[in-house]
Amino acid sequence: MTPPQAKPVFAPPFLEPGATFTEFGPVPELPEQPRDLVRLGERLFEEPLLSGSGQIACSSCHNRELSFTDGLSRSFGHDRKRLTRNAPSLLTSAWMNELFWDGRAASLEDQAPMPILHPDEMRGDFAVVRERLAASTAYRQAFTDAFGDDAVTDWRIVAALAAFQRSLNPRRGRWARYLAGDPAALNEQQQRGLDPARAEPLRDQFLFHGLQL
């Protein structure tokens, strides 16, 4: 499917001679995720049994009431260890191809197991996680609903978590209305502030700079 094109609401950017830019546009529609797979993923997202301690869930650092963040400058991990970075929001993660603050994961399927297995974050072990989930009649039924049988595998856990994250949708604010063709959604100062972000050299230069990775 061809991504929808932005309506011509952008004024010519005020850039230095020779600078190039790629225009912003509305994000493409995503395929609808299977309902039972999303339900399983949502349940796993809230499940502390994925962690080594049995006390930390994905939602511990990505609280839906805080736009899927934890509101902290640096998140807490296993044994209340203070981590080196904060938890980014997941609301737009479905459209990203560089995940984590350092961009080390190329997809949600790549991303999902990393915090589970990280010794400072959830310190999980998939062999233990599989055993815990398979011991639950409710989970075996949820896996059957999502996949057709009750086998609990690493890939299925990851696929369900990824499907849940792809089902998230941010609320439409002024930026979305502007992209949809409403030039009054942003004032003149806000529109001028877009110019540096529209310059390709700047966007490339600052993608992961200044983050103390």
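Two residues are taken here to be in contact when they have heavy atoms within 4.5 Å of each other. The structure is a predicted model, in which local features need pLDDT of at least 70 and side-chain atom pairs count only at pLDDT 80 or more, while totals for chains, interfaces and linings use all residues. Residues are numbered from 1 along each chain as its sequence is written, and side-chain values use heavy atoms, with hydrogens and water left out.

Setting aside neighbours within four places in sequence, Gln 111 is in contact with Leu 99, Phe 100, Ala 105 and Gln 165. Gln 111 belongs to helix H3, residues 108–111; helices here are DSSP runs of H or I with at least four residues, numbered from the N terminus. With a relative accessibility of 12%, Gln 111 counts as buried, where buried means under 20% relative accessible area, exposed over 50%, and partly exposed in between, using a 1.4 Å probe and protein chains only. The side chains of Gln 111 and Gln 165 also make a polar contact at 3.3 Å. Such a contact is a pair of N or O atoms within 3.5 Å; within protein, one must be able to donate a hydrogen and the other to accept it, and residues adjacent in sequence count only if both atoms are side-chain atoms.

We turn next to the charged pairs. Nine salt bridges are found in the whole structure, each being a side-chain nitrogen of Lys or Arg within 4 Å of a carboxyl oxygen of Asp or Glu. In one of them, Glu 46 pairs with Arg 64, and the closest N and O atoms are 3.7 Å apart. This pair links distant parts of the chain, 18 residues apart, with Glu 46 in the loop between helix H1 (35–45) and helix H2 (58–61) and Arg 64 in the loop between H2 and H3. Glu 46 is partly exposed at 38% relative accessibility, and Arg 64 is partly exposed at 39%.

Asp 120 forms a salt bridge with Lys 81, with 3.2 Å between the closest N and O atoms. Here 39 residues separate the partners: Asp 120 sits in the loop between helix H4 (113–117) and helix H5 (126–134), and Lys 81 in the loop between H2 and H3. Both count as partly exposed, Asp 120 with a relative accessible area of 24% and Lys 81 with 41%.

The aromatic residues come next. The whole structure holds six aromatic pairs. Rings of Phe, Tyr and Trp (its six-membered ring) pair if their centres lie within 6.5 Å; planes under 30 degrees apart count as stacked, over 60 as edge-to-face and the rest as tilted. Trp 175 and Tyr 178 are stacked, because their ring centres are 6.3 Å apart and their planes lie at 20°. Both residues lie in helix H8, three residues apart, about one turn of the helix. Trp 175 is partly exposed at 34% relative accessibility, whereas Tyr 178 is buried at 1%.

Leu 186 is found in the loop between helix H8 (174–179) and helix H9 (188–198), and is buried at 10% relative accessibility.

Methods
Helix = DSSP H or I, 4+ residues; strand = E, 2+ residues; numbered from the N terminus.
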